[in-house]
Amino acid sequence: MKQNNMTIEVKAILENVAVVRVAVSSFISSLDITLDELMDIKTAVSEAVTNSIEHGYDGIISENNTVLVNAYIEDEENIKIEIVDEGIGIEDIELATTPTYTSKPELEHAGMGFTIMESFMDEIVIDSIKDRGTKITLTKKIKNKKSKECNFIENEIKIC
Ligand code: ADP
Ligand code: MG
């Protein structure tokens, strides 16, 4: 498998979380990856993109508020995905990553996004500067060989 990379930039609206999920799924589906691993990556990316929209930009919709996703197939076993926003940034990363902590309890947030990203991916690096933005770098090592069965993701991406 050749190295490959993809960049997608979307307006910061929640509808685009699904757009990113499909794009990332399609990008990595050529790898010898199991459905479980693909689901882990999709879930973690969704959490990070949702955070950029809801927290980074505080839900404010504007032409300038975009989320950038850079995905890299580094080799046949290593995937790296960066989720970047230019929002408010995270002041206290230790607090933000504490399980069940949320700065928006009134919106029924569970405060489990970072915990999910940590448990579904091999590594998560958080770079954030207050009032400048946040970059989340997620990495996953592909360990399992896919099964012989075919599965469909988002009704169109076939994993065999
Ligand atoms: P939740 O989204 O349910 O609040 P998370 O674990 O996903 O829980 O995030 C924890 C907290 O980290 C958020 O409540 C928010 O304060 C902060 N946070 C996460 N991502 C960002 C981001 N991209 N920009 C600014 N703050 C963020
Ligand atoms: Mg969250």
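Where does ligand 1 sit? Here are some notes on that and on what surrounds the ligand.

1. Ligand 1 sits in the largest pocket. A pocket here is an open set of points on a 1 Å grid over the protein atoms alone, with protein on both sides within 12 Å along at least five of seven lines; sitting in it takes more than half of the molecule's atoms within 2 Å of its grid points. This is a predicted model, where local features need pLDDT of at least 70 and side-chain atom pairs count only at pLDDT 80 or more, while totals for chains, interfaces and linings use all residues. Side-chain values use heavy atoms, with hydrogens and water left out, and residues are numbered from 1 along each chain as its sequence is written.

2. The shell holds 18 residues, each with a heavy atom within 4 Å of the ligand. Asn51, His55, Thr102, Ser103 and Gly111 are the closest. By type, the shell has six nonpolar, eleven polar (Gly counts here) and one charged residue. Helix H2 (35–56) gives the most, four residues.

3. For polar contacts (N or O pairs within 3.5 Å), the side chain of Ser103 places a polar atom 2.5 Å from a ligand oxygen. A polar backbone atom of Gly111 is 2.8 Å from an oxygen of ligand 1, and the Asp85 side chain has an N or O atom 3.0 Å from a ligand nitrogen.

4. Lys140 and Asp40 form a salt bridge (Lys or Arg side-chain nitrogen within 4 Å of an Asp or Glu carboxyl oxygen), with closest N and O atoms 3.2 Å apart. Since Lys140 is in strand S5 (residues 133–141) and Asp40 in helix H2, the pair ties together parts 100 residues apart in sequence.

Definitions and conventions: Chains are lettered from A and ligands numbered from 1 in the order in which they are written. A polar contact is a pair of N or O atoms within 3.5 Å; within protein, one must be able to donate a hydrogen and the other to accept it, and residues adjacent in sequence count only if both atoms are side-chain atoms. On a 1 Å grid over the protein atoms alone, a cavity is a set of points where a 1.4 Å probe fits but cannot get out, and a pocket is an open set with protein on both sides within 12 Å along at least five of seven lines; lining residues have an atom within 4 Å of a point. Helices (H or I, at least four residues) and strands (E, at least two) are DSSP runs, numbered from the N terminus.
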